[in-house]
Amino acid sequence: MSNRVSRLSISFPDRIVVLFFYSVIAATVLFIVLPILVILLYSFVGSISGDLVGSFTLEYYGEVFASGLDPLVLSFQLAIATTVLDVLLGVPAAYTLDRYDFAFSDRLRDVTILPMAIPGIVLGIALVRTWGVPRFGVDLSGMLYLLLIAHVLFTVPFMIQTTTSALQSVDYQALEETAESLGANWPQRFLFVVVPNVYNGILSGAILTFALSMGEFNITLFVYDPTNKTLPIEMFGGFTTSAVGQASALSVVFVAIIVVSLWLLQYVGDGDTHSVTNV
């Protein structure tokens, strides 16, 4: 009732301001969605010149699912492997940096976010110079392992940051001390006390790193092998050649995967907020 009265009593200048903000929101949403809608149109017609209705076809989607799924499958496998490694590396790293105060710990925290600030082209060149040639008896040139290293290098800082935020949202040290007083050793405290209390943060980081790995292009462009193209590389190749329709269909499939991932991220984030509120 009070909200209704508030809406009825709004003055004319305030209505102008509200209308302005609604216009800004609408323009922003249109700015974001318009390129996606254009790609969606290309995925059905191939070209926006000529008769759009007459050129409407599902042929490009058929080509994608008939012969163009290898890049999608490779990106999916790479994203899953990247996410698993990010969890195995990022969660213990975040816990160590947040739990313990040791020499240069502040500098180490800064180092963990460096890949987020350094341009992908720089990371790509650095990886090629480091692992693209035989070193120390190891030659990763053209191997999928080099792609995996590149994706983990780019995404693991996001896992560390989301896990650190989750750790700082709960008093896990007090919970650890209580578990220790009951006889729990360190592995038991970490696995059965700390991890369950920051589970939502870890899951949010896993979904985020999965989405980032699926869409990673800048570093991948420098380290991929032509026989093993990821989805973004395949889409780039399609848009630079005449296969625009098929590349657009691949792009739509990719956007659908990302949208679902972000929806899961938001869903998990909402659950995390509610759990913190309840605490």
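Ala, Val, Leu, Ile, Met, Phe, Trp, Tyr, Cys and Pro count as nonpolar, Asp, Glu, Lys and Arg as charged, and the others, Gly among them, as polar. The model is predicted, with local features needing pLDDT of at least 70 and side-chain atom pairs pLDDT 80 or more, while totals for chains, interfaces and linings use all residues. Residues are numbered from 1 along each chain as its sequence is written, and side-chain values use heavy atoms, without hydrogens or water.

Figure 1. Helices (DSSP H or I, at least four residues) and strands (E, at least two) are numbered from the N terminus. Along the sequence the pattern is α-α-α-α-α-α-α-α-α-α-α-α-α-α. The radius of gyration over C-alpha atoms is 24 Å, well over the 19 Å from the globule rule for 279 residues, so the chain is more spread out than a compact globule. That rule is 2.2 Å times the number of residues to the power 0.38. Along the principal axes, the C-alpha atoms fill a box of roughly 75 × 75 × 30 Å.

**Figure 2. The largest pocket holds about 200 Å³ of space.** A pocket is an open set of points on a 1 Å grid where a 1.4 Å probe fits, with protein on both sides within 12 Å along at least five of seven lines; lining residues have an atom within 4 Å of a point. The lining consists of Pro-35, Ile-36, Leu-37, Ile-39, Leu-40, Ser-251, Val-252, Phe-254 and Val-255. Helix 2 (12-45) and helix 14 (244-278) are the elements that each give two or more residues to this lining. Helix 2 supplies the largest share, five residues. By class, the lining has eight nonpolar residues, one polar and no charged.

**Figure 3. Helix 4 (residues 69-99) crosses helix 8 (residues 144-168) at roughly 45°.** Their axes, lines fitted to C-alpha atoms over the stretch in contact, with angles from 0 to 180 degrees between N-to-C directions, come within 6 Å. The two helices are therefore oblique to each other, as angles under 35 degrees count as roughly parallel, over 145 as roughly antiparallel, 65 to 115 as roughly perpendicular and the rest as oblique. The crossing of helix 4 and helix 8 is right-handed, the near helix being turned clockwise from the far one by less than a right angle. Their contact has 18 nonpolar, seven polar and two charged residues.

**Figure 4. Helix 8 also packs with helix 11 (residues 199-215), at about 155°.** The axes of helix 8 and helix 11 are 8 Å apart. The angle makes helix 8 roughly antiparallel to helix 11. Helix 8 passes helix 11 in a right-handed crossing.

Definitions and conventions
Grid points are joined across faces, edges and corners, and a volume is the space filled by probe spheres set on the points.
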